[in-house]
Amino acid sequence: MSPSVRLQEMIRVIRSARTQGEERGLIQKECAAIRAQFRQSDNGARTHNLAKLLYVHMLGYPAHFGQMECVRLIASPRYSEKRIGYLGAMMLLDEKQDASLLITNSIKNDLSHSSQHVQSLALCTLACMGSAEMCRDLAPEIERLLGASDSYIKKKAILCAVHIVRKIPELGELYTPLACSLLSEKNHGVLHSAVVLITELCERNPDTLRQFRKTVPELVHIMKGLIMSGYSPEHNVAGISDPFLQVRILRLLRILGRCNDAASDAMNDLLAQVATNTDSSKTAGSAVLYETVLTVMDIRSESGLRVLAVNILGRFLLNNDRNIRYISMTSLQKIVQTDHTAVQRHRGTIVDCLKDQDASVKRRALELSLALVSATNIRTMMKELLVFLSTCPPELRAHTASGIFIAAERYAPSQRWHIDTILHVLITAGGDVRDETVPNLIKLITTASELHCYTVLKLYRALITDISQQSLVQVACWCIGEYGDLLLKGECDDIEPMQLTEDDVLDALETVLQSHMSSPASRAFALTATMKLSTRITNNVDRIRSIVSIYGSCIDVELQQRAVEYNALFKKYDHMRAAVLERMPVIDKSSPGDTLGDLTGEVTKDSSLSKPVPGGSTLPLEPASQAFDLLDLLGQTDTVPEASHAESAAAPDPAGPSTGRDLLDLLGGLETTVVPSVTVYEKGGVSLKLQCDSQTETAVTLTFTACNSTQNDITKFTLQAAVPKSIQLQMKAPSGSVLPAGGHSAITQTVVLSNPSKTNLKMRVRLSYSNQGMVCQDTVQIDSFPSPAWT
């Protein structure tokens with residue numbers, strides 16, 4: 001390829017290269033020839049060479065050596081050379097390049113040129129790559145051109161002023177007086193540019209925003225002229241008169257009407273007119289309607305107008321264009337918190353979008369469907385969501401299951417319905433649910449005492465059908481261990497009776513223990529359930545003892561430890577086995593560690609400390625006997641006097657087996673601890689408590705607990721923390737982002753502080769949340785911390 005080759009020929013040769021290496025060689029050869037010709041002082045092919053270099057730049061190859069050639073061509077008196085020089089400057093230069101400062105004087109001279117085409121080149125270049133220094137030097141020239149008689153130059157000067165305002169906001173005062181007069185222009189290009197400039201000025205200066213609110217009637221008049229005008233070939237797009245200008249005006253009206261009653265009232269009629277008269281069958285009309293909806297929802301509009309806006313979004317859901325459906329659901333998701341009833345009217349259409357083939361539309365439909373669940377439609381919506389769960393893609397299954405759990409917990413019409421719903425989710429997507437699902441469901445089952453027989457029968461059927469869902473297996477094993485006697489009786493009116501034997505139940509648990517699909521946690525549940533059945537059945541205790549003894553030499557240390565302890569109950573402490581394996585009491589909703597109840601992070605000190613916490617693991621302060629300690633460790637039982645009597649009978653022999661000391665040594669010495677907490681923030685119904693969980697010489701673990709006592713749900717709740725540089729901060733994932741109304745639940749978040757230098761602990765915490773569509777932020781300084789639970 002010769003150095004004098006034409007641009008078209010160079011493009012053809014480069015495109016015909018068969019490998020990347022061949023292409024690279026051709027470009028290197030041509031760039032070398034271009035460099036050589038740039039070094040010649042008098043060269044008539046400078047524009048030709050720079051054009052070829054710009055093509056090389058577009059292919060991604062280095063072309064920085066052409067920057068100075070751009071500066072030379074811009075300074076040329078010939079228009080053809082200026083044009084390629086300015087084009088090169090916009091592509092090869094930016095505000096970080098020193099060479100850009102060299103063209104400032106040339107741009108200033110060309111802004112005063114007699115030819116509008118040269119002025120246009122200078123304006124485009126300044127608006128494209130002008131640095132802050134260039135903008136400051138050339139701002140007066142742009143102000144002069146804003147009053148030009150030529151609309152072609154005026155339009156480009158306005159857009160250049162927009163760039164200057166973005167670079168140097170304080171220079172906006174220079175263009176504010178002229179911006180108001182530009183709204184009287186008849187040329188749509190100038191008018192469009194003027195609206196963009198006013199929008200930029202209002203967004204960056206509150207004082208300017210108040211000044212431009214006076215122009216709302218004028219903007220309304222312009223907008224009415226656009227929607228009522230007849231057919232204009234110059235501005236018509238798919239039957240809509242200049243939709244680009246309409247969108248810009250609506251966006252400016254949204255800024256001017258935000259948080260202002262007078263401005264909002266002045267534009268209410270116009271917005272209603274646009275919403276009813278604009279055809280949404282074409283993309284241009286949909287764009288105008290969408291901007292209208294955003295404006296209606298952002299200003300202080302009338303309630304009827306807001307319902308109209310929601311109905312427009314509802315029509316968008318029926319559009320064949322997936323992009324329009326997506327933005328419709330995105331907008332409805334923002335509106336549902338404030339206009340829940342209006343969005344509910346389109347519930348059927350939203351649910352139908354769950355069947356869409358597009359993954360993004362399907363995800364938005366899922367989020368919106370979960371937000372629409374209420375106490376009145378919980379049964380209908382849950383049927384749709386459970387059907388969707390069985391067919392949804394794997395990446396949405398965990399989110400769907402979590403949303404169903406939250407909705408069921410909040411709006412469940414009955415405990416049986418609640419249990420059935422969660423069991424359905426576990427059967428369908430048990431491998432995708434969160435870890436806290438198992439304890440939550442166990443807590444729910446314990447509180448529904450009249451449904452124990454019904455629940456254990458359903459779980460047993462699910463277990464023998466499929467043991468691949470580990471969450472379901474764990475809950476089923478727990479229930480069989482607790483209520484195995486009810487399972488064997490099979491006396492349940494709500495479900496088809498089953499004739500089961502003790503061997504059938506033990507076979508099911510042994511299948512879980514031996515299956516390769518069972519996780520270590522599931523095996524531990526199954527082993528404990530097998531052990532508990534030793535007090536609920538009468539004929540197969542020897543088989544249970546055999547199963548437990550096998551796992552005394554298991555490779556899994558956790559499973560081995562359980563088996564060894566259970567073997568000890570069979571041998572040395574057999575007289576205590578019935579009491580130790582008694583049925584678990586109902587879990588108290590306010591007990592510490594409860595994952596489903598109100599997580600307040602605070603334990604109230606009771607006057608009778610010797611009473612065990614239901615379902616907890618604390619010991620009395622003054623134990624009556626070692627046997628009683630063991631019973632209290634595993635939960636409150638009704639056979640405590642028997643254990644006390646057995647211990648007192650063996651009192652003369654402290655080393656005897658009846659003391660239970662050896663078994664207690666496996667679990668170590670436990671003491672009752674009351675974990676203190678302090679309230680560090682309380683404002684507007686939102687409270688934040690701090691609890692110190694543990695502390696070492698160089699680290700401390702804290703837990704923040706947030707509660708909401710207002711009548712409205714609080715969403716998007718987040719915590720941010722800052723500490724001095726000498727302290728290392730680690731924030732773990734929060735338990736959620738939604739605070740239900742009335743303090744029905746809470747959000748907890750654990751923070752670990754590493755303090756190797758042992759300086760005084762200080763922390764600054766920022767709370768951020770959304771309450772009825774309003775974003776709230778607050779900061780609290782924490783200089784003192786509560787005493788830890790243990791050190």
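## Helix α13

The expected span of a helix is 1.5 Å times one less than its number of residues. In this predicted model, helix α13 covers residues 216-228, 13 residues in total, and its first and last C-alpha atoms are 18 Å apart, close to the expected 18 Å.

The buried residues of α13 are Val216, Leu219, Val220, Ile222, Met223 and Leu226. Viewed down the axis of α13, these buried residues fall within an arc of 160°, so they line one face of the helix. An α-helix has 3.6 residues a turn, so residues three or four places apart point the same way. Pro217, His221 and Met228 are exposed and sit on the face of α13 turned away from its buried side. The elements against which the buried residues of α13 pack are the helices α11 (188-204), α12 (206-212), α14 (243-257) and α15 (261-277), together with β2 (240-241).

## Helix α5

Helix α5 runs over residues 79-92. Its 14 residues should span 20 Å at 1.5 Å a residue, and the end C-alpha atoms are 20 Å apart, which agrees.

Buried positions in α5 are Glu81, Lys82, Ile84, Gly85, Tyr86, Gly88, Ala89 and Leu92. The cover over these buried residues of α5 includes α3 (46-58), α4 (67-74), α6 (104-111) and α7 (116-129).

## Glutamine 469

Glutamine 469 lies in the loop between α26 (452-465) and α27 (470-489). Its relative accessible area is 14%, and buried means under 20%, so glutamine 469 counts as buried.

A polar atom of the glutamine 469 side chain lies 2.8 Å from the backbone nitrogen of glycine 431. With neighbours within four places in sequence left aside, glutamine 469 is in contact with Leu426, Ile427, Thr428, Ala429, Gly430 and Gly431.

Strands β3 (residues 677-683) and β4 (residues 686-695) run antiparallel and are joined by six bridges. Glutamate 682 has serine 687 of β4 as its bridge partner. The hairpin of β3 and β4 has two residues between the strands, and in this hairpin glycine 684 takes a positive phi near 60°.

β4 also runs antiparallel to β5, to which nine bridges join it. These two strands form a hairpin with three residues between them, and glutamine 695 stands opposite valine 700 in β5. Strand β5 (residues 699-708) is mostly covered, with eight of its 10 residues buried. Nine bridges join β5 to strand β8 (residues 746-754), again in the antiparallel sense; the bridge partner of threonine 703 is threonine 750 in β8.

## The β6-β9-β10 sheet

An open sheet is formed by three strands in the order β6-β9-β10, with antiparallel pairing. Its edge strands are β6 (714-722) and β10 (774-782), each of which pairs on one side only. From one strand to the next the twist averages 15°.

Seven bridges pair β6 with strand β9 (residues 763-771) in the antiparallel sense. Leucine 719 has leucine 767 of β9 as its bridge partner. In a regular strand the side chains alternate between the two faces of the sheet.

How values were computed: Residues are numbered from 1 along each chain as its sequence is written. This is a predicted model: local features need pLDDT of at least 70, side-chain atom pairs count only at pLDDT 80 or more; totals for chains, interfaces and linings use all residues. Side-chain values use heavy atoms; hydrogens and water are left out. Helices (H or I, at least four residues) and strands (E, at least two) are DSSP runs, numbered from the N terminus. Buried means under 20% relative accessible area, exposed over 50%, partly exposed in between (1.4 Å probe, protein chains only). The arc is that of the directions from the helix axis to the C-beta atoms. Contact means heavy atoms within 4.5 Å. Two strands pair if DSSP finds at least two bridges between them. Axes are lines fitted to C-alpha atoms, for helices over the stretch in contact, and angles run from 0 to 180 degrees between N-to-C directions. A polar contact is a pair of N or O atoms within 3.5 Å; within protein, one must be able to donate a hydrogen and the other to accept it, and residues adjacent in sequence count only if both atoms are side-chain atoms.
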